[in-house]
Amino acid sequence: MTNISSHTVFELSCFLELGHLRPLLFLPFSLFYFLSVGANVLLLYVVVRQRMACVDGLHPLLILSPILLSFVGGWTQVSVGMCLQQMFVVHLLGTFQSTILLWMALDRCLALVFPLRYSERMAGRVLLAVAVPLVLRNVVLVSGLVVLASRLHFCDQLVRNCFCEHMAVVRLACGDTSLNSALGLLTIGLIPVLDFILITTSYVVVLATAMRGRVVTKATNTVVTHIIVMLTSLTVIMVAFISYRVQHKLPHTARLLCSILYLFLPSTINPLAFGIRTQEIRKHILHLLRPVESCLTSS
């Protein structure tokens with residue numbers, strides 16, 4: 001049997017086909033980068049306990065920063081070890097986007113269904129009973145993806161993406177990758193899809209309880225905000241997933257944009273959606289911006 005050598009360094013094909021025009025991508029991507037980071041930092045400053053801001057803020061800081069540097073410095077290579085670490089971070093943060101939405105939906109559901117015992121039910125054992133299984137589920141499944149990928153032998157070193165996404169790396173392997181694909185599908189079913197079902201169920205309970213208690217306006221505002229964020233995340237995830245299944249029918253640049261949106265769009269839209277539609281957050285942001293507006297007016 002012929003020995004198969006496995007590459008130890010990958011090269012990211014991040015818009016390499018643009019040639020000398022590639023550095024120009026630094027400008028539009030930087031705009032999205034600073035908008036995403038700035039919006040999350042502002043939201044995090046206004047509401048310290050806003051958990052979604054932490055996750056959305058980490059995505060551009062940890063993943064998009066190297067992409068921007070690659071546009072300027074021409075850096076395209078990454079070691080297999082660093083690539084697997086990046087894969088773990090990208091997908092783990094991605095799973096927590098839907099998980100935190102689920103936690104927020106359950107939080108609203110319990111607050112409306114059990115208003116008098118809300119603080120008691122959200123503390124101690126109930127908090128651990130809900131949070132710990134969700135965290136363990138995400139860590140175990142994403143770790144499984146990375147461990148299986150680390151055992152592959154790679155015949156190609158050109159990752160057709162701007163970062164080390166799971167399927168982009170698995171496609172470089174020489175042997176059978178059916179187990180990797182199966183675990184990837186299982187992860188999608190047990191995390192974003194399951195979270196979507198549970199979130200929808202919670203929203204139905206919230207609206208039904210609100211209608212009986214005649215607090216439909218406040219409940220509807222909360223639900224609509226969560227729906228905007230949830231649909232944004234799910235749409236981006238599904239588009240990125242489908243783009244790999246129909247890769248021969250899509251231009252390479254189009255697939256790269258789908259993958260980049262997986263990082264950019266949720267982290268940019270989520271803080272804007274929460275900031276605009278949540279009355280308390282909106283008031284605090286307007287209060288913070290009032291001195292700036294006064295300075296501009298006076299000058």
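This is a predicted model: local features need pLDDT of at least 70, side-chain atom pairs count only at pLDDT 80 or more; totals for chains, interfaces and linings use all residues.

Student: Which residues line the second largest cavity?
Tutor: The lining consists of Ser98, Leu101, Pro192, Asp195, Phe196, Ile199, Met230, Ser233, Leu234 and Ile237. Helix 3, helix 7 (178–213) and helix 8 (216–245) are the elements that each give two or more residues to this lining.

Student: What makes it a cavity rather than a pocket?
Tutor: A cavity is a set of points where a 1.4 Å probe fits but cannot get out, whereas a pocket is open.

Student: How do its lining residues divide into nonpolar, polar and charged?
Tutor: Seven are nonpolar, two polar and one charged. Asp counts as charged, and Asp195 is in the lining.

Student: How do you know that the end-to-end distance of helix 3 agrees with its number of residues?
Tutor: Helix 3 (residues 80–113) has 34 residues, so at 1.5 Å a residue it should span 50 Å; its end C-alpha atoms are 49 Å apart, which agrees.

Student: Why is helix 3 called mostly covered?
Tutor: Buried means under 20% relative accessible area, and 24 of the 34 residues of helix 3 are buried, so the helix is mostly covered.

Student: What does the chain look like over the annotated residues 84–106 and 223–242?
Tutor: The unreviewed UniProt entry annotates both spans as "transmembrane region". Residues 84–106 are 100% helix and 0% strand, with end C-alpha atoms 33 Å apart. Residues 223–242 are 100% helix and 0% strand, and their end C-alpha atoms lie 28 Å apart.

Conventions. Residues are numbered from 1 along each chain as its sequence is written. Side-chain values use heavy atoms; hydrogens and water are left out. Helices (H or I, at least four residues) and strands (E, at least two) are DSSP runs, numbered from the N terminus. The expected span of a helix is 1.5 Å times one less than its number of residues. Buried means under 20% relative accessible area, exposed over 50%, partly exposed in between (1.4 Å probe, protein chains only). UniProt positions are given in the numbering used here, feature names are shortened, and annotations may be inferred rather than shown by experiment. On a 1 Å grid over the protein atoms alone, a cavity is a set of points where a 1.4 Å probe fits but cannot get out, and a pocket is an open set with protein on both sides within 12 Å along at least five of seven lines; lining residues have an atom within 4 Å of a point.
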